[in-house]
Amino acid sequence: MFLDPNLNPKCAECQSMDIDPTYRRVFGCLVCKKCMNDTPEKYGLLTKTECKEVRAFGRKNDIY
Ligand SMILES: [Zn+2]
């Protein structure tokens with residue numbers, strides 16, 4: 001956390017600073033748990049392809 005509130009990450013949906021640290025680290029998405037629950041079609045299946053930063057999972061097919 002920074003002293004300047006403008007430097008803290010905020011939820012992309014509601015500007016809350018109560019973002020989910022796992023989603024931030026793994027997917028690079030800033031979203032709070034409330035918005036994750038409110039918009040499951042957008043954040044509920046984020047393990048698939050929703051976030052641009054997700055690239056590491058696409059390599060499994062290379063071995064076939
Ligand atoms: Zn939110």
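User: Why does Asp 18 count as exposed?

Analyst: Bear in mind that this is a predicted model. Asp 18 has 12 C-beta neighbours inside 10 Å, and the cut-off for exposed is 12 or fewer, so Asp 18 gets that label. You'll find Asp 18 in the segment before helix H1 (21–27).

User: What makes Cys 35 buried or exposed?

Analyst: Cys 35 is buried, because 20 other C-beta atoms lie within 10 Å and the label needs 20 or more. Cys 35 is found in helix H2, which covers residues 33–38.

User: Which residues does Cys 35 touch, leaving out those up to four places away in sequence?

Analyst: Cys 11, Glu 13, Cys 14 and Tyr 43. To be called a contact, a pair must have its C-beta atoms within 7 Å. As for Ser 16, its C-alpha atom is 9.5 Å from that of Cys 35, and the two are 19 residues apart along the chain.

User: Why is Asp 20 called partly exposed?

Analyst: Asp 20 has 19 C-beta neighbours inside 10 Å. Buried takes 20 or more and exposed takes 12 or fewer, so with 19 Asp 20 falls in between and counts as partly exposed. Asp 20 lies in the segment before H1. Not counting residues up to four places away in sequence, Asp 20 touches Val 31, Cys 32, Lys 33 and Met 36. Asp 20 and Cys 35 are 9.9 Å apart, C-alpha to C-alpha, and 15 residues apart in sequence.

User: What about Asn 8: why is that residue buried or exposed?

Analyst: Exposed, because Asn 8 has 12 other C-beta atoms within 10 Å and 12 or fewer is the condition. Asn 8 is also found in the segment before H1. From Asn 8 to Ile 19 the C-alpha distance is 10.0 Å, and the two are 11 residues apart in sequence.

User: What is there to note about the phi of Gln 15?

Analyst: Phi of Gln 15 is near 70°, a positive value in a residue other than glycine. Most residues other than glycine have a negative phi. Gln 15 sits in the segment before H1 and counts as exposed, because there are 9 C-beta neighbours inside 10 Å against a limit of 12 or fewer.

User: Zooming out, what pattern does the chain follow?

Analyst: Along the sequence it reads α-α-α, with three helices and zero strands. Buried residues make up 9% of the 64 residues. Of the contacts with a separation of 6 or more, 12% are between residues 24 or more positions apart.

User: How confident is the predictor: what is the mean pLDDT of the chain?

Analyst: The mean is 74, and 64% of the residues reach 70 or more. Over residues 52–56 the pLDDT is below 50, and this stretch has four contacts in the model beyond near neighbours in sequence. Where pLDDT is low, the predicted coordinates should not be read in detail.

User: And which element has the highest mean pLDDT, and which the lowest?

Analyst: H2 has the highest, at 90, while helix H3 (residues 40–43) has the lowest, at 83.

Methods
Residues are numbered from 1 along each chain as its sequence is written. This is a predicted model: local features need pLDDT of at least 70, side-chain atom pairs count only at pLDDT 80 or more; totals for chains, interfaces and linings use all residues. Helices (H or I, at least four residues) and strands (E, at least two) are DSSP runs, numbered from the N terminus. Two residues are in contact if their C-beta atoms, placed from the backbone, lie within 7 Å. pLDDT is the predictor's confidence in each residue, from 0 to 100.
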